[in-house]
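Take a look at the model below.

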Amino acid sequence: MIKDKDIKNIPVEKIKIGDEEFEFKHNEFMKHMEQEMKLYGVKRPFDVTKIGEDYVIYNSLNTFSAAKNAGLKTVPCKVISNKMMNEKIKELNYHRRGHELKEI
């Protein structure tokens, strides 16, 4: 269970996308998602890990990009350890067909 104290509002410019091959697909669904975020904000926090001065995100990349395009200055995030993020990366790689993410 996530408690409010575990969630931080992090500026979007401090969050980097960890998937080097990610390309945001700007279609009607994404435009709708951006409009929803302008009205209601982000519904669920993103999982990020801290690397140096930045935070890195590996999943929910379209949702994060939509939040950024919607003009949100900060987004709610749960900061997890690099070890925990590596476990999430392994899980993501299990479902990928084209390329795998590098572990931290």
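Asp47 is found in strand 3. Helices (H or I, at least four residues) and strands (E, at least two) are DSSP runs, numbered from the N terminus. This is a predicted model: local features need pLDDT of at least 70, side-chain atom pairs count only at pLDDT 80 or more, and totals for chains, interfaces and linings use all residues. Residues are numbered from 1 along each chain as its sequence is written, and side-chain values use heavy atoms, with hydrogens and water left out.

Is Asp47 buried or exposed? Asp47 counts as buried because its relative accessibility is 18%. The cut-offs are under 20% relative accessible area for buried and over 50% for exposed, with partly exposed in between (1.4 Å probe, protein chains only).

What surrounds Asp47? Leaving aside neighbours within four places in sequence, Asp47 is in contact with Val56, Ile57, Asn59, Lys78, Ile80, Met85 and Lys88. Contact means heavy atoms within 4.5 Å. With Lys88 there is also a polar contact, side chain to side chain, at 3.0 Å. A polar contact is a pair of N or O atoms within 3.5 Å; within protein, one must be able to donate a hydrogen and the other to accept it, and residues adjacent in sequence count only if both atoms are side-chain atoms.

Strand 3 (residues 46-51) and strand 5 (residues 74-80) run parallel, paired over four bridges. Two strands pair if DSSP finds at least two bridges between them.

Five strands form an open sheet with mixed pairing, in the order 1-5-3-4-2. Strand 1 (7-11) and strand 2 (15-17) are the edges, each pairing on one side only. From one strand to the next, the twist averages 50°.

Helix 2 (residues 61-69) lies across strand 2, strand 3, strand 4 (54-57) and strand 5, at about 135° to strand 2. Axes are lines fitted to C-alpha atoms, for helices over the stretch in contact, and angles run from 0 to 180 degrees between N-to-C directions. Leu61, Phe64, Ser65, Ala66 and Ala67 of helix 2 are buried. Their cover includes helix 1 (28-40) as well as strand 2, strand 3, strand 4 and strand 5. Just after helix 2, Gly71 takes a positive phi of about 90°.

Step back to the chain. Its elements run β-β-α-β-β-α-β-α from the N terminus. Of its 104 residues, 32% count as buried.
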